[in-house]
Amino acid sequence: MEPSIEPAVGPDTGPTSLAKGPGAGGKGRTPALRRRAPRVHRAWWVAAVSFVALVGAAGFRATPSVFIDPLHSEFGWSHSTISAAVSVNVLLYGLTSPFSAALMERYGIRRIVSGALLLIAAGSGLTVFMDATWQLILCWGFLVGLGTGSMALAFAATVSGRWFIERRGLVSGILTAGGAAGQLVFLPLVALLVEGPGWRVASLTVAFAALAVVPLVLLVLRDRPEDVGLLPYGAGAGYVTPPTPPPGAAKRALRALYDAAHTKVFWLLAGTFAVCGASTNGLVGVHFVPAAHDHGMPVPAAASLLAVIGVFDLVGTVASGWFTDRFDARRLLAVYYALRGVSLLFLPMLFAQNVRPSMLFFIVFYGLDWVATVPPTIALCHRYFGDNGAIVFGWVLASHQVGASIVAFLTGLVRDTFGSYDVAWIASGALCGTAALMALVIRGRGRPEAEAEAARAGST
């Protein structure tokens with residue numbers, strides 16, 4: 001069907017069809033003819049499927065906290081040994097992310113995300129055959145770590161950066177919340193399966209869930225809006241498609257790290273995000289359930305509380321994306337880290353055999369702040385590092401997972417050494433206070449083109 005030459009309908013969508021201009025073929029494209037705008041821009045469908053894919057990937061990442069005690073009981077493995085496998089998982093999750101972002105730039109979102117979901121399914125399914133710690137590290141650590149890392153939050157940054165000009169902060173917040181939704185959907189179910197049929201059935205359930213998302217990814221996801229004759233949501237008539245990256249995804253990822261590492265902003269973002277990982281995935285995500293169980297709380301009840309964190313994280317992260325489109329991202333980060341630190345300092349006093357109102361207050365308060373730090377961090381990466389923003393965020397995310405990995409292991413060691421988790425909660429609260437101060441130190445205006453884009457988005 002030939003495209004119409006009439007203007008696109010609706011002020012938000014911008015032109016929706018492209019013709020290759022003089023700069024095509026690696027030097028960008030320029031908009032030419034316009035097709036009548038669809039009622040719902042394709043970008044929103046891509047965002048919806050990306051959300052579902054992130055939910056599927058989050059399924060296995062929700063399971064370690066309810067698997068620690070069953071594996072300890074069945075195999076006699078110590079908390080620190082099991083935590084070491086989780087540490088490998090979260091470390092690879094972070095270290096894979098920047099290379100995955102570069103691979104998505106080069107080979108496309110669909111291929112990388114589909115392969116990642118297959119890795120997650122394989123790692124989760126193979127755990128049912130393990131009987132040695134090296135197999136636990138192979139399945140939980142390497143296979144699932146590589147799979148989840150290949151479609152980590154850098155995936156959210158890539159989708160929001162390619163498909164959206166307007167509402168980019170909101171979309172990155174929604175996609176980030178996909179991880180929390182995965183926790184919400186899977187954790188209570190996994191806990192019930194662990195208590196009933198056993199942890200092996202729970203592992204197979206997660207594997208099948210990851211496999212079920214693959215056909216949806218292949219059917220709906222496209223690498224760029226230009227692939228279906230569209231411009232990003234909110235793009236103006238002067239928008240020019242970024243040039244196709246040259247071959248060598250690994251080289252580009254390392255080059256982006258080299259360039260970013262020469263700036264103070266990168267190290268401040270990496271440092272604050274390391275604390276973010278330490279105080280969420282590495283601490284509460286892995287050790288909250290066994291800590292509550294130490295105080296006599298049943299595992300399904302503790303897992304349900306962790307899932308409720310996911311409910312409020314959905315609200316908090318989406319709201320954070322909305323705030324990021326309107327307020328200074330640096331100040332938002334400082335507020336988020338300070339509030340998280342205060343909540344963790346009170347946590348040792350709240351554990352009991354039963355769920356009390358004081359614990360529910362912590363769950364709501366902490367849940368609203370769980371990964372609210374992600375949208376402003378993504379925004380700052382785009383602002384200061386331009387076209388490399390998604391890849392640089394992948395490296396910043398690597399620091400997040402390094403922090404999570406270290407604290408996941410050290411917290412297990414603290415539990416084995418002192419018989420309780422109290423030292424870990426208090427130390428993490430103090431780290432969050434340090435991160436709040438680091439966020440306020442970030443200075444500079446960023447890339448001129450990013451500033452202009454932010455100004456245009458803020459005026460809509």
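Predicted model: local features only at pLDDT ≥ 70, side-chain atom pairs only at ≥ 80, totals over all residues.

Trainee: What share of the contacts with a separation of 6 or more joins residues 24 or more positions apart?

Mentor: That share is 84% in this protein chain.

Trainee: Now the helix pairs. At what angle do H4 and H5 pack?

Mentor: An angle over 145 degrees counts as roughly antiparallel. Helix H4 (residues 109-126) packs on helix H5 (residues 133-150) at about 160 degrees, and their axes are 7 Å apart. H4 and H5 are therefore roughly antiparallel to each other. Their crossing is left-handed.

Trainee: Which residues of H4 and H5 meet?

Mentor: From H4 come Ile112, Ala116, Leu119, Ile120, Ala122, Gly123, Ser124 and Leu126. The H5 side consists of Cys139, Leu143, Val144, Leu146, Gly147, Thr148 and Ser150. By class, this contact of H4 with H5 holds ten nonpolar and five polar residues, and no charged ones.

Trainee: And how is the pair H10 and H13 arranged, roughly parallel or roughly antiparallel?

Mentor: Again the angle decides, and under 35 degrees counts as roughly parallel. Helix H10 (residues 264-279) and helix H13 (residues 329-346) pack at about 30 degrees, with axes 12 Å apart. H10 and H13 are therefore roughly parallel to each other. H10 passes H13 in a left-handed crossing. In this pair, Leu269, Thr272, Phe273, Cys276 and Ser279 of H10 meet Leu333, Tyr337, Arg340 and Leu344 of H13. The contact of H10 with H13 divides into six nonpolar residues, two polar and one charged.

Trainee: What is the angle between H12 and H14?

Mentor: Helix H12 (residues 299-324) packs on helix H14 (residues 357-368) at about 40 degrees, with their axes 7 Å apart. That makes H12 oblique to H14. The crossing of H12 and H14 is right-handed.

Trainee: Which residues of H12 and H14 meet?

Mentor: H12 contributes Leu305, Val308, Ile309, Phe312, Asp313, Val315 and Gly316. H14 contributes Met359, Leu360, Ile363, Val364, Tyr366, Gly367 and Leu368. The class count for the contact of H12 with H14 is eleven nonpolar, two polar and one charged.

Trainee: What is Val284 in contact with, leaving aside neighbours within four places in sequence?

Mentor: Val284 is in contact with Ser279, Leu306, Ile309, Leu344, Tyr366, Trp370 and Trp425. Val284 is also among the buried residues of H11.

Trainee: How many residues of H11 are buried?

Mentor: Helix H11 (residues 284-294) is mostly covered, with nine of its eleven residues buried. The buried ones include His287 and Pro290. After H11 comes Gly296, which has a positive phi, near 95 degrees.

Trainee: Is Ser428 buried or exposed?

Mentor: Under 20% relative accessible area counts as buried. Ser428 has 5% relative accessibility, so Ser428 counts as buried. Ser428 is found in helix H17 (residues 422-441). Beyond its neighbours within four places in sequence, Ser428 is in contact with Ala278, Leu283 and Leu344.

Trainee: Where does Ser160 lie?

Mentor: Ser160 lies in helix H6 (residues 153-163). Its relative accessible area is 0%, so Ser160 is buried. Not counting residues up to four places away in sequence, Ser160 touches Arg168, Val171 and Ser172. Ser160 and Tyr233 are 73 residues apart along the chain, and their C-alpha atoms are separated by 9.7 Å.

Conventions:
Residues numbered from 1 in each chain as written. Heavy atoms only, no water. Axes fitted to C-alpha atoms, helices over the stretch in contact; angles between N-to-C directions. Helix = DSSP H or I, 4+ residues; strand = E, 2+ residues; numbered from the N terminus. Parallel < 35°, antiparallel > 145°, perpendicular 65-115°, else oblique. Left-handed = near helix turned anticlockwise from the far one by under 90°. Contact = heavy atoms within 4.5 Å. Nonpolar A, V, L, I, M, F, W, Y, C, P; charged D, E, K, R; others polar. Buried < 20%, exposed > 50% of the residue type's maximum accessible area, 1.4 Å probe, protein only.
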